[in-house]
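Please open the model in your viewer and keep the selection tool at hand.

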Amino acid sequence: DVPMTDQTDDDGYEDEFDEEDEMNMYRVQGTLREWVTRDEVRRFIAKKFKEFLLTYVNPKNEQGEFEYVRLINEMVLANKCSLEIDYKQFIYIHPNIAIWLADAPQSVLEVMEEVGKNVVFDLHKNYRNIHQKIYVRITNLPVYDQIRNIRQIHLNTMIRIGGVVTRRSGVFPQLQQVKYDCSKCGTVLGPFFQNSYTEVRVGSCPECQSKGPFTVNIEQTIYRNYQKLTLQESPGIVPAGRLPRYKEVILLNDLIDCARPGEEIEVTGIYTNNFDLSLNTKNGFPVFATVVEANYVSKKQDLFSAYKLTDEDKAEIEKLSKDPRISERIVKSIAPSIYGHEDIKTAIALAMFGGQEKNVKGKHRLRGDINCLLLGDPGTAKSQFLKYVEKTGHRAVYTTGKGASAVGLTAAVHKDPVTREWTLEGGALVLADRGICLIDEFDKMNDQDRVSIHEAMEQQSISISKAGIVTSLQARCSVIAAANPVGGRYDSSKTFTQNVELTDPIISRFDVLCVVKDIVDPFTDEMLARFVVDSHARSQPKGANLEDRVAADEEDDPLTVARNADPDILSQDMLKKYITYAKLNVFPKIHDADLDKISHVYAELRRESSHGQGVPIAVRHIESIIRMSEAHAKMHLRSYVSQEDVDMAIRVLLDSFISTQKFGVQKALQKNFRKYMTYKKDYNELLLLLLRTLVKEALHFEEIVSGSTTRLTHVEVKVDDLKNKAQEYEIYDLRPFFSSSHFNDNSFVLDEGRGIIKHPVAA
């Protein structure tokens with residue numbers, strides 16, 4: 001007899017179904033789970049799925065190419081064995097089968113994987129020598145469940161849940177097909193398919209009818225990879241005052257090691273139960289433990305998955321980089337809700353772009369990350385900046401000084417509760433690898449804890465030898481720290497070291513020090529107050545009348561109007577994409593031409609710092625200048641470092657060096673280094689205010705002299721008066737201001753011949 005095999009070999013059944021049969025297939029008789037195990041239904045599903053794979057065309061695709069044929073070719077090129085099927089595309093073509101797939105996934109997936117395997121091996125004949133099986137992965141399942149809302153109704157259906165991976169086991173081999181040896185006559189029995197619930201037992205040997213004993217034939221048995229994850233609810237969605245729930249997730253075959261502890265993932269899989277003895281002894285007999293057998297795992301906030309940059313994005317980024325003022329625009333776009341603090345914004349922008357790390361012939365590494373220390377009076381938005389970076393930066397980890405111990409920052413060794421072995425757990429600096437680590441309240445840390453950061457900040461690795469584990473972990477991250485001075489306020493009459501309880505070794509590891517002093521100044525205070533009031537008024541959640549009122553007020557004041565519609569500020573989404581693109585694609589090189597200037601400035605700075613009381617200047621600061629100029633070149637997406645980048649880096653370093661000096665020394669230093677200091681600073685708003693006050697004073701003077709200002713058409717202000725005022729604010733070059741939009745938009749006219757500025761008087 002010819003043995004009849006029950007295979008889903010769909011070649012023989014192509015023309016079997018006519019229209020009426022197809023309609024009958026969709027009429028489920030009995031329960032759905034029994035229905036999809038019937039042969040004709042399985043053949044029908046196989047036929048439809050094969051059609052879908054070979055003929056589906058994405059409506060968004062203009063060329064009209066077959067979507068899944070292209071995806072299969074890409075999969076084969078990448079040497080993978082998982083074919084991702086978009087559920088939303090599938091349900092659009094075959095709604096009934098897609099619903100069966102969600103409600104009875106085990107049987108339907110079996111058929112789909114068989115068809116997938118046949119289709120792939122038909123298109124690529126020799127691929128079966130590389131992978132014996134092709135797995136079908138379902139992506140984009142529309143229904144998303146919270147872990148705490150999963151109930152009995154979800155059993156044996158397909159669900160999609162999200163959460164944070166807290167624990168991950170090792171990789172074990174799991175039996176898939178078992179073969180047994182009969183120890184009496186040596187016959188090989190099998191193969192028996194092993195499922196994950198019960199152990200397969202053999203009754204008697206068919207050759208010699210003995211009842212055993214049987215041993216597992218190790219060589220011919222087929223295994224698969226098996227790994228368990230614990231998935232815990234994301235901290236953001238846990239109701240107030242409750243503990244987060246968790247679920248076990250089982251990963252098989254090529255899904256293992258696709259997520260690390262600490263990452264936020266989404267799992268699409270089958271929710272099943274398995275028999276668990278320990279639960280039964282606790283809770284009485286028929287209680288089952290539930291697990292999710294993962295079918296597809298996607299990461300939530302991966303650098304590349306969050307921003308798969310489209311071609312339009314790339315074109316827009318390239319277009320932005322052609323703007324000569326792009327670096328100023330990026331600095332303006334950083335924390336736009338915080339007024340002023342150009343120096344901090346510049347430092348943070350440089351740190352987010354980062355310099356270029358160098359491996360010298362594999363012998364030693366020079367770090368490319370830029371570290372910043374924000375030091376200043378209370379109420380100068382330091383923590384606000386850090387919080388902003390946490391939201392915008394990629395892989396940013398936020399800790400505070402008191403809440404972080406040395407092991408919490410570096411790495412902890414502890415016993416795994418399941419396997420009872422010592423395991424390593426990375427701390428904040430290790431988690432922020434290739435990202436940014438933010439430390440608030442840096443001055444409140446214990447000295448022992450602060451010492452553990454030394455190695456991470458310069459060598460960018462963390463070495464551990466505890467509990468028999470000797471290893472070194474990578475910690476390639478920028479550190480941005482915020483600290484308060486001794487006694488809360490920064491005292492300019494004392495030296496920097498008296499103001500801060502930080503040791504020299506740690507201060508010299510910071511590339512940029514931003515000292516923020518809360519100085520009383522009527523002009524800047526007025527601008528700051530107006531900015532804060534405006535932003536509060538604009539972000540009022542309710543009350544339409546208020547918006548009308550604000551709009552009416554703004555019409556009177558051209559300065560506010562100009563600031564609200566600032567075209568320079570990039571959207572936050574665009575800024576993230578820009579930073580991502582620059583980090584992945586731009587690697588600037590430095591040339592010899594720029595090095596003379598750097599060495600000259602370094603020599604001058606060493607001379608000044610030897611008899612000053614500020615920060616000691618060390619060789620690290622040369623590297624800092626180079627790193628910052630590379631970061632500035634990255635902002636412009638340039639592949640080389642230009643003179644402009646070096647000037648900018650020198651300005652930032654000088655700013656940070658001079659701001660740490662005593663008040664008396666600062667003035668002298670600013671005079672010495674004036675040519676570097678005023679490079680590309682944006683003083684226009686301040687100058688505009690000064691000019692306005694001069695106009696007001698001139699009008700007032702005219703009123704006192706002639707009794708009224710009705711006959712005046714223009715007010716004239718001498719350029720020298722503005723120069724003298726500006727010099728009080730360390731501004732020496734007024735030409736950029738006269739050519740700026742601030743000057744022209746407010747109807748000021750410069751008469752160079754007479755050395756005056758005209759302004760029309762409103763009638």
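Helices here are DSSP runs of H or I with at least four residues, numbered from the N terminus. With that in mind, helix H5, residues 87-93, gives the most to a nonpolar patch, with 3 residues. Please remember throughout that this is a predicted model.

**Stop one: the nonpolar patch.** Select Ile91, Tyr92, Ile93 and Ile99, which make a nonpolar surface patch of about 390 Å². Now pick out Tyr92, which sits in helix H5. Is Tyr92 buried or exposed? Its relative accessibility is 65%, so Tyr92 counts as exposed, the cut-off for exposed being over 50%.

**Stop two: a pair of strands.** Next, select strand S1 (residues 82-86) together with S2; the two run parallel and are joined by 5 bridges. Zoom in on Leu83 and you will find Val136 of S2 opposite. Then show the side chains of S2: Tyr135, Arg137 and Thr139 point one way, while Val136 and Ile138 point the other way. In a regular strand, side chains alternate between the two faces of the sheet. Why is strand S2 described as largely enclosed by the rest of the structure? Because 5 of the 5 residues in S2, residues 135-139, are buried.

**Stop three: Ser656.** Finally, go to helix H25 (residues 643-659) and select Ser656. Ser656 has 7% relative accessibility and therefore counts as buried, since buried means under 20%. Setting aside neighbours within four places in sequence, Ser656 is in contact with Asp511, Val512 and Leu513.

Conventions:
Residues numbered from 1 in each chain as written. Predicted model: local features only at pLDDT ≥ 70, side-chain atom pairs only at ≥ 80, totals over all residues. Heavy atoms only, no water. Buried < 20%, exposed > 50% of the residue type's maximum accessible area, 1.4 Å probe, protein only. Contact = heavy atoms within 4.5 Å. Pairing = 2+ DSSP bridges. Patch = residues over 30% accessible without salt bridge, like charges linked within 9 Å, V, L, I, M, F, W, Y side chains within 5 Å. Areas by Shrake-Rupley, 256 points an atom, 1.4 Å probe, with all protein chains shown as cover. Salt bridge = Lys/Arg side-chain N within 4 Å of Asp/Glu carboxyl O.
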